[in-house]
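Hi there,

Please have a look at it below, and then read on for what turned up.

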Amino acid sequence: MTKDEILLARSEFLFPAVFHIYREPLVLARAKDQYVWDADGRQYLDFFGGIVTVSIGHCNDEINARVHKQIDTLGHTSTLYSSGPTMQLARQLAAISPGAQLTRSMFTNSGSEANETAIHAARMYTGHSDIIALRHSYHGRSQLAAALTGNQTWRYSGAPSPGVTFAHNAYCYRCPFGLTYPNCELRCATDVKELIRTTTSGRIAGIIAEPIQGVGGFITPPPEYFGLVADAVRQHGGIFISDEVQTAWGRTGSKWFGIEHWGVAPEMLTSAKGLANGMPLGLTLARDEVARAVPSPTISTFGGNPISAEAACAVLDFIDAHDLRERTADNGAHLRAGLLALQDKHPLIGDVRGMGLLQALELVTDRAARTPAAAQTTALLEAARQQGLLVGKGGLHGNCVRLSPPMNISRGDIDEFLLRLDRSFETIGIQ
Ligand SMILES: Cc1ncc(COP(=O)(O)O)c(C=O)c1O
């Protein structure tokens with residue numbers, strides 16, 4: 001199909017709700033490692049990886065070799081049968097899970113489904129129904145996952161949320177209490193006790209939280225936050241579910257999982273996206289006793305598909321073999337330093353935040369008033385595209401630039417990215 005035929009087919013045959021992020025839609029033709037090429041042959045340095053999904057480069061040779069072999073050997077089983085790659089993956093996940101305590105996997109198709117599974121398991125395990133989620137969160141596009149989401153854009157047609165109540169997250173740049181860390185004494189976290197007393201039955205099934213809120217604009221809480229919140233929830237019988245759809249697999253540097261930076265041991269975690277480097281795979285990982293509470297039988301047609309599972313095993317092996325968790329910490333610090341230097345130069349950059357190779361810029365038209373620069377963020381994405389860069393967007397106000405390059409990116413590519421991002425900011429100035 002030509003580019004025009006592709007775009008015409010999209011506009012005629014897809015749900016109109018499926019949107020493009022650029023003024024001129026971007027049609028991708030091929031990709032390799034850190035680059036993608038559009039239908040006109042233009043190359044882009046990809047610092048978004050789909051949506052924080054291409055963890056170790058597009059069409060990675062080592063992953064593809066194993067996928068090719070698997071696709072010619074065994075392509076589908078369903079959960080009614082067992083296969084080597086799926087069980088090998090479950091074994092690897094149990095070993096690397098926080099404290100090696102989450103030993104039971106349920107494989108599905110997506111992050112949304114992984115979260116559905118986790119909420120069901122939490123309710124079965126505790127016998128309680130009340131769930132706490134965080135404001136600014138994103139947990140997926142199914143009805144329940146949208147109901148757990150604390151961002152009006154993604155709550156679709158007013159997703160009803162019976163049994164879900166929303167706590168304040170630690171959005172220090174826009175503190176909901178108008179306080180400043182650390183003098184605030186974590187008012188956002190201590191508020192959870194009052195939230196439980198005033199908006200729930202007092203019998204909590206669990207809290208679901210992203211360690212760093214992805215769609216929310218990589219909001220990164222201070223070190224004490226999750227410990228305090230987890231304590232409050234556990235005092236009311238609930239468990240902690242870490243939504244690691246964007247933060248797992250070393251993306252935050254040094255650790256396999258984001259929540260490990262906060263020293264909280266979750267009873268469950270969920271993931272998808274980067275686990276299989278772009279192949280569809282949803283994961284709910286739970287403590288043995290939590291998993292045992294899920295009533296039998298259960299089934300998933302595509303869950304644990306051997307091709308996706310083999311890709312995921314290959315991703316985990318690649319991250320280990322290339323020491324990518326440590327490399328991500330080092331290269332993340334390098335990227336962060338470059339972004340802070342850009343903040344000194346461009347008044348539009350109000351905040352720089354994130355961990356490892358999950359970094360965001362929050363853009364404001366007035367640093368003192370912190371006025372969200374939504375139109376300028378859109379313009380920045382267009383300018384970056386002109387400079388041959390792909391970056392993401394996020395935040396409640398649509399004023400955050402999200403960066404998540406492949407974890408095996410080189411220093412040279414990060415420097416090249418910073419150079420072109422600087423030029424992109426120069427092009428737009430303050431509009
Ligand atoms: C933190 C988080 N949870 C869940 C999801 C939903 O994942 P999926 O789109 O695979 O259903 C996303 C997707 O962006 C996400 O960022």
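**Aromatic rings and their neighbours**

There are eight aromatic pairs in the structure. Please keep in mind that this is a predicted model. A pair of aromatic rings is described by the distance of the centres and the angle of the planes.

Let's start with Tyr35 and Trp37. Their ring centres are 6.0 Å apart and the planes meet at 55°, so this pair is tilted. Tyr35 counts as partly exposed because its relative accessibility is 22%, and the cut-off for buried is under 20%. Trp37, at 14% relative accessibility, counts as buried.

Next, have a look at Tyr225 and Phe226. With 5.0 Å between the ring centres and 70° between the planes, the pair is edge-to-face, because planes over 60 degrees apart are classed that way. Both residues are buried: Tyr225 has a relative accessibility of 0%, and Phe226 has a relative accessible area of 1%.

Which residues do ring pairs link into a cluster? Tyr225 and Phe226 are joined there by Phe240 and Trp262.

The charged end of Arg385 sits over the ring of Tyr22, at 4.9 Å from the ring centre.

Enjoy exploring, and do write back with any questions.

Best wishes

Terms used:
Residues numbered from 1 in each chain as written. Predicted model: local features only at pLDDT ≥ 70, side-chain atom pairs only at ≥ 80, totals over all residues. Heavy atoms only, no water. Phe/Tyr/Trp six-rings, centres within 6.5 Å; stacked < 30°, edge-to-face > 60°. Buried < 20%, exposed > 50% of the residue type's maximum accessible area, 1.4 Å probe, protein only. Lys NZ or Arg CZ within 6 Å of the ring centre and 35° of its normal.
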